[in-house]
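Q: Can you walk me through this structure? Keep it quick.

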Amino acid sequence: MKFSSPAHAERVTSRIGLALAVTFTLCFVTGLISHLIQHPPPWFGWPSRPVWLYRVTQGTHVLSGIASIPLLLAKLWSVYPKLFERPVIRSVAHALERLSILVLSAAAFFELVTGLFNIAQNYPWTFYFPQLHYAVAWVAIGSILVHIAVKLPKVRLTKEPDPSRRAFLRTTWLAAGVAVVATAGATVPLLRNVSGLSWRSGKGPQGLPVNRTAAAAGVLDTARDPNWRLSVVTPKGTKTYSLDELRALPQSSAELPIACVEGWSQSAHWSGVSLPELLRDAESAPGTPVRVISLDKGIYGSSDLPGEHTADELTLLALELNGEILDIDHGFPCRIIAPNRPGVLQTKWVTRLETL
Amino acid sequence: MKTLRLLLFLPGLGAIAWGAVLFADYAFPLRPDVFGTLGWLVGGPLVHDLLVAPVVGAAGLVLSRFLPSCWRTPVRTGAVLTGVLTLLAIPLLWRVGDGPRNPGLHDADTLTGLLVSLAVVWLGVLVAAGLDQARVLREDRRQSASAATTGHCS
């Protein structure tokens, strides 16, 4: 078999490889940040400001993953002839090298395919997505490092003189750019009406998407129960609040984004009681870590707010969204909205706060 | 160079090993569904190497054989963009493993969005090829002010 395409040249492979190294590193670092915020080890801290930081890191995670799809396909096309090299195996080292490339390619495809299906909340598999997307991310980044170490002597990044090879590279960069523009409206406000393939629409109640409805959480009755009370549990005892009592406390407002792990984000106007205010009223102190417990008994039915966030005046127990009483799908009677946190930790239908 | 390569290689091996430990946490004790997951792991390279790459290669070959030179690069680029945009739309359109409906998420009209995006791409292809054709015409006219012009792409 003879491959005559201009794509199969070392300079082309090196350039696309460098671009992929950048996008996969961005994906890995931003993914690791998101993992650490959700499962913080004792040494890890995450600030409450700037309020948009997580929105940017998680948007970067998803968009660099999307850019990687055309880049990976172009990279594999540029090295495709190597698949047919004979002899298949020359030595033990050569066998290991080929095996490492198989591992790299399998891990890279797995990350991109599962990630793409996850942002569409479409799960045609049986495993728990976050667990394996995280495990295989280590394999992917590790095999990229090994691959670069092996190939470093062959890397050519000088300017490509051949016009048809330059055309192949231009098409590759264009495809990556178009892929990003076609989807980035899910998180970049300017592209909201440009991206034809955004997975976030404008159809959510009160102008904001919902990631788990009250019906799915099984809280339609308990959230509307007139006897609903918020319990705030501190070492000094338990204080309970009715919705009217919460409304009677001093109210604060904040413009804060919901930034989802699935990469979409949207800013909204929230009003309610600030956490420092509520903690003072319950005779605790701002800066005390708080466990937030929902009426939702599912796996995302509780979250821990670090002291950093309970000290921040922008962290709200929100009662209103965009000037209206919180929609039941957005967490009525009250929800947590904190600056610079993943949406999955902005616990809805709050029933209990416990200081830790 | 050797030190740099080692500094990449050793942490790389470490990361792979850590990933393998995390994967083993999931995979053991072995259950039937783990084999389905292994399918998702090896499926990528298999589908690509045996199906996607040969089809793309054949399509590229056909396009370069039958298209005039002005059209070759724009049409190939248009075909690449069509493929990429379609791939990105698949999880939104082919809802096999759907969870509960979430208002405001993946409830947009993706099919129309895809078709409009593709229309923009192919409009770009027409413009790019047209500009190239105009350039060839201008060059021909300059080169042969008296001789008969060949104002088209070969």
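Q: Which strands does S5(A) pair with, and in what sense?
A: Over five bridges, S5(A) pairs antiparallel with strand S10 (residues 350-355) of chain A. Strands are DSSP runs of E, at least two residues, and helices are runs of H or I, at least four, numbered from the N terminus. Pairing takes at least two DSSP bridges between the strands. S5(A) also runs antiparallel to strand S6 (residues 302-305) of chain A, with four bridges joining them.

Q: What are the bridge partners of Arg291(A) and Ile293(A)?
A: Arg291(A) bridges to Glu354(A) in S10(A). Ile293(A) bridges to Ser302(A) in S6(A).

Q: Which S5(A) side chains are buried?
A: Val290(A), Val292(A) and Ser294(A), which point to one face of the strand. Buried takes 20 or more other C-beta atoms within 10 Å of the residue's own, exposed 12 or fewer, partly exposed in between, with C-beta atoms placed from the backbone.

Q: Before I go on, what kind of model is it, and how is it numbered?
A: It is a predicted model: local features need pLDDT of at least 70, side-chain atom pairs count only at pLDDT 80 or more, and totals for chains, interfaces and linings use all residues. Residues count from 1 along each chain as its sequence is written, while chains are lettered from A and ligands numbered from 1 in the order written.

Q: Fine. How is chain A divided?
A: Into domain 1 (10-191) and domain 2 (206-355), with bounds from an automatic or database domain assignment. Their centres, taken over C-alpha atoms, are 36 Å apart.

Q: How many residues does each domain give to the contact?
A: Domain 1 of chain A gives 22 and domain 2 of chain A gives 20. Contact here puts C-beta atoms, placed from the backbone, within 7 Å. On the domain 1 side, H2(A) supplies the largest share, seven residues.

Q: Now chain B. How many residues of chain A contact it?
A: 63 residues of chain A, against 59 of chain B. H4(A) brings the largest share of the chain A side, 14 residues.

Q: What classes of residue make up that side?
A: 44 nonpolar, 16 polar and three charged. Ala, Val, Leu, Ile, Met, Phe, Trp, Tyr, Cys and Pro count as nonpolar, Asp, Glu, Lys and Arg as charged, and the others, including Gly, as polar.

Q: Last one: how many helices and strands in chain A?
A: Ten helices and ten strands. Of its 356 residues, 48% count as buried.

Key
Two residues are in contact if their C-beta atoms, placed from the backbone, lie within 7 Å.
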